[in-house]
Amino acid sequence: MALLVSMVARATEPPTSAVLSGVVRDSEGNALPYVTIFVEGTTRGTITDANGRYTLCTAEGDLRLTAQMLGYTSITHDVAARGSRTIDFELEAMATAIDAVVVEASGVGNIKRSAFNAVAVDTKSLQNTTQSISDAMSRAPGLRLRESGGVGSDMSLSVDGFSGKHVKIFIDGVPQEGVGGAFSLNNIPAGYAERIEVYRGVVPVGFGADALGGVVNIVTNKSRRSWYADASYSFGSFNTHRSTLNAGQTLDNGFMWEVYAFQNYSDNNYRVDVPIEDFATGRIDRSKLVSAERFHDTYHNESVVAKVGVVGKRWADRLVFAVNYSHMYKEIQNGVRQEIVYGDKHRRGYSLMPSVEYQKRNLFTEGLDLTLTANYNRNITTNIDTAQYKYNWLGETHRLNSPGEQSYQHSRSSNDNWNATATLNYRIARGHSITLNHVFNAFTRHNTSLLANSPEEDAIDKHTIKNITGLQYRLSPSKRWNASLFAKYYALDVAGPIATDANASDFVRTTRREDALGYGIAGTYFITSALQAKVSYERAYRLPTIEEMFGDEDLEMGDIGIRPESSDNINLNISYSDTYGADNRHALYLDGGFVWRDTRDYIQ
């Protein structure tokens, strides 16, 4: 049970004497939802609805009306705005890192023209609700999420049966590896996203991802809005509190600012059926289960994202600087085996991440588009396990011979994560385009033991450097079919400590390098305007993650010698998407596919 209180404030339009309306379609005649329509040189703007329609009030006079959407060439019309006028737009698709999205009335739609097997989930219906992004993602076909417990618990994401590290998470095309647990998907409110794109299997080079199972890309709202403010609060079972605050503004001169803050809190004291350890005998009777209340599983996190920048300039379509701060506290009730319970072991951490984003269409020459992102993430996690007592599920205690419920520790891991992405799209000629993408990631972890009076620092830090470069050529000779040929180069450099004896009492610094070349092809054909077939093949690689190589310094052990996974992937997909009824208010979307994988050096 939950109680939701929400407040929404929106700017109201001043009295106007001209009304512009119309429909935005693609070159095939399909309506395009969520296209940004704005009057150049002002903050007046709107977005199209699910049927591609828009209405915009403005002052009378001569003006320039622009329609723009990621994945399409922007169109501008010179308009004499007087009375009521109908201005329609037809946008032409262009090669971008992410193909154009069409979201159906059901909230789930396919990504049109893309040769890659992908769907999009609209989060509009979840705005100002208590649901998280992970709840919205569960609407996508073929995508499943499983949480290990209540609020703040670990989450497992599965796409067509592939889970864990095989699926990569992006926000606005920026990889989220190493951002810290305080900003995980089951913490972020659904209102943070405008839509969620799920790429299943073969992944476009624009993401620069070393993913075998697929990619989930969370797309935030980047439309021009004069000003807005939203706030919500909810209270639910197990003393669960969730709240969000979202506000922003774009001025006439293009200056913009945004603030998005949210928090989650829960005692997570739900009941579980578990065996109880008898401290007198030291025996756990697994055949006898008792209903017990979780008593050491409190979790809370607080996050704020602040952005400031400019949009709509000659030298930058978008230049935004952002700072993301998040904090979390997590009590650990049990490890992998639920019968072993903890009563004092806990973890806390924070993350500070400044970032910059730059976008420019037609850079230097017509058809050349550039997107740059860069961020630095300082993430510090402290694990504390110093209790002198062990617990059972009844909350009873028994004194230990030595401190530490699982492993005696009070340690701090300081993680520095640098990330940069660059994407160039060049439309060579009509029907021909090239995409070049490069992702750079540098990670350093420094551990410090806080058990002694004076902190003891590890002598050897842990380092990784990842570089992934992708090149794609796309051929679109007609509206009925297109094909993409691509290659990806993967490089991994690792340095860190390795034990010289069986007791791990002495360590030396070791280094290693791995590189590989992947490649693939993808194509799509429209059998009819509503029936689409897709086929793709990729020789893909997945580089081991930070946790897989170095562990999480607590429950998970790492192996610095893990080799990258390799896989031959084949995807076949047929989808049907159409609208019916008056004003196309009803939609039908059907999707079926076949996935084949041959994976080597599988990381368990």
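These questions and answers look at a surface patch and a loop in a predicted model.

User: Which residues form a nonpolar patch on the surface, and how much accessible area do they have together?
Analyst: The patch holds Leu251, Phe255, Trp257, Val259, Val304, Val308, Phe321, Val323, Tyr325, Tyr350 and Leu352. Their accessible area together is about 830 Å².

User: Is Val259 buried or exposed, or does Val259 fall in between?
Analyst: Val259 sits in strand 21. Its relative accessibility is 30%. Buried means under 20% and exposed means over 50%, so Val259 counts as partly exposed.

User: Where is Phe238, and what is its phi?
Analyst: Phe238 lies in the loop between strand 19 (227-236) and strand 20 (240-250). Most residues other than glycine have a negative phi. Phe238 is not glycine, yet its phi is positive, near 60°.

User: What is the phi of Asn239?
Analyst: Asn239 is also in the loop between strand 19 and strand 20. Asn239 is a residue other than glycine with a positive phi. The value is near 55°.

User: How do Phe238 and Asn239 count by relative accessibility, buried, exposed or partly exposed?
Analyst: Phe238 has 40% relative accessibility. Asn239 has 31%.

Conventions: Residues numbered from 1 in each chain as written. Predicted model: local features only at pLDDT ≥ 70, side-chain atom pairs only at ≥ 80, totals over all residues. Heavy atoms only, no water. Patch = residues over 30% accessible without salt bridge, like charges linked within 9 Å, V, L, I, M, F, W, Y side chains within 5 Å. Areas by Shrake-Rupley, 256 points an atom, 1.4 Å probe, with all protein chains shown as cover. Salt bridge = Lys/Arg side-chain N within 4 Å of Asp/Glu carboxyl O. Helix = DSSP H or I, 4+ residues; strand = E, 2+ residues; numbered from the N terminus. Buried < 20%, exposed > 50% of the residue type's maximum accessible area, 1.4 Å probe, protein only.
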